[in-house]
Amino acid sequence: NLAVALTTWLANPNLIVNGSGSSLNGWTNTNSWWQVVSGRFYHPSSSAYNGLVQTVRTTLGPVRLTFNSEVITGNSTVNFSYVNGAGTTISGAQLNIPSGVTAYSRVLPDGIKTIAFQRVAGQTGEFYLSNIVVRKT
């Protein structure tokens, strides 16, 4: 039923600002490295590993993070991390993303303060991120 789905969606909004990839507003773009290309967040091929970071204050209980990635060239290991309620940085995962499109989903604990994406040092792949969503589970 469309009405039930819409009511559920409105009651459980995405906690990320501009998660689609259409704008960098709401994100800290370290050294202005990330770009918006074709409506997605783009990290060019280089050895730089500057972060794309957003403050996300959750006190709702556990949340689910989902996003899409696409590696265009080279090998790229995307490092996703978050800062918990105690202020400790937790490396969520180093994602060895193969060429092509990959969808990622992970449940994170209550009290998340920030999330961050960056390439792991020494990698040189070119990749995109899009559809970044954080919702209460």
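Colleague: Leaving aside its neighbours within four places in sequence, which residues is asparagine 18 in contact with?

Modeller: The model is a predicted one. Asparagine 18 is placed in the loop between α1 (2-11) and β1 (28-29). When neighbours within four places in sequence are left aside, the residues in contact with asparagine 18 are Ser23, Asn25, Gly26, Trp27 and Phe41.

Colleague: Which backbone oxygen does the side chain of asparagine 18 reach, and at what distance?

Modeller: Asn25 is among the contacts of asparagine 18. The side chain of asparagine 18 reaches a backbone atom there, the oxygen of asparagine 25, at 2.6 Å.

Colleague: Is asparagine 18 buried, partly exposed or exposed?

Modeller: The class follows from relative accessible area, with buried meaning under 20% and exposed over 50%. The relative accessibility of asparagine 18 is 27%, so this residue counts as partly exposed.

Colleague: Is asparagine 29 buried or exposed?

Modeller: Asparagine 29 is found in strand β1. Not counting residues up to four places away in sequence, asparagine 29 touches Leu24, Trp34, Gly51 and Leu52. Buried means under 20% relative accessible area. Asparagine 29 has a value of 19% and is therefore buried.

Colleague: Which residue has its backbone nitrogen 3.2 Å from a polar atom of the side chain of asparagine 29?

Modeller: The side chain of asparagine 29, a residue of strand β1, supplies one polar atom of this pair. The backbone nitrogen at 3.2 Å from that atom belongs to tryptophan 33.

Colleague: In what order do the elements of the protein chain run from the N terminus?

Modeller: The protein chain contains one helix and 10 strands. From the N terminus on, their order is α-β-β-β-β-β-β-β-β-β-β.

Colleague: Among contacts between residues at least 6 apart in sequence, what percentage join residues at least 24 apart?

Modeller: The protein chain has 137 residues, of which 42% count as buried. For its contacts between residues at least 6 apart in sequence, the share joining residues at least 24 apart is 72%.

Colleague: How many aromatic pairs does a search of the whole structure find, and how is the pair of tyrosine 42 and tyrosine 128 classed?

Modeller: The search finds five aromatic pairs. The ring centres of tyrosine 42 and tyrosine 128 lie 5.1 Å apart, with the planes at 45°, so this pair is tilted.

Colleague: How is the pair of phenylalanine 67 and phenylalanine 117 classed?

Modeller: The ring centres of phenylalanine 67 and phenylalanine 117 are 5.0 Å apart and their planes stand at 80°. Planes over 60 degrees apart count as edge-to-face. The pair is therefore edge-to-face.

Colleague: Which strands hold phenylalanine 67 and phenylalanine 117?

Modeller: Phenylalanine 67 is buried at 1% relative accessibility, and phenylalanine 117 is buried at 0%. The pair links distant parts of the chain, 50 residues apart: strand β5 (residues 63-73) for phenylalanine 67 and strand β9 (residues 114-119) for phenylalanine 117.

Colleague: Which residue lies over the face of tyrosine 128?

Modeller: At 3.8 Å from its ring centre, the residue over the face of tyrosine 128 is arginine 40.

How values were computed: Residues are numbered from 1 along each chain as its sequence is written. This is a predicted model: local features need pLDDT of at least 70, side-chain atom pairs count only at pLDDT 80 or more; totals for chains, interfaces and linings use all residues. Side-chain values use heavy atoms; hydrogens and water are left out. Helices (H or I, at least four residues) and strands (E, at least two) are DSSP runs, numbered from the N terminus. Buried means under 20% relative accessible area, exposed over 50%, partly exposed in between (1.4 Å probe, protein chains only). Contact means heavy atoms within 4.5 Å. A polar contact is a pair of N or O atoms within 3.5 Å; within protein, one must be able to donate a hydrogen and the other to accept it, and residues adjacent in sequence count only if both atoms are side-chain atoms. Rings of Phe, Tyr and Trp (its six-membered ring) pair if their centres lie within 6.5 Å; planes under 30 degrees apart count as stacked, over 60 as edge-to-face and the rest as tilted. A charge sits over a ring if NZ of Lys or CZ of Arg is within 6 Å of the ring centre and within 35 degrees of the ring normal.
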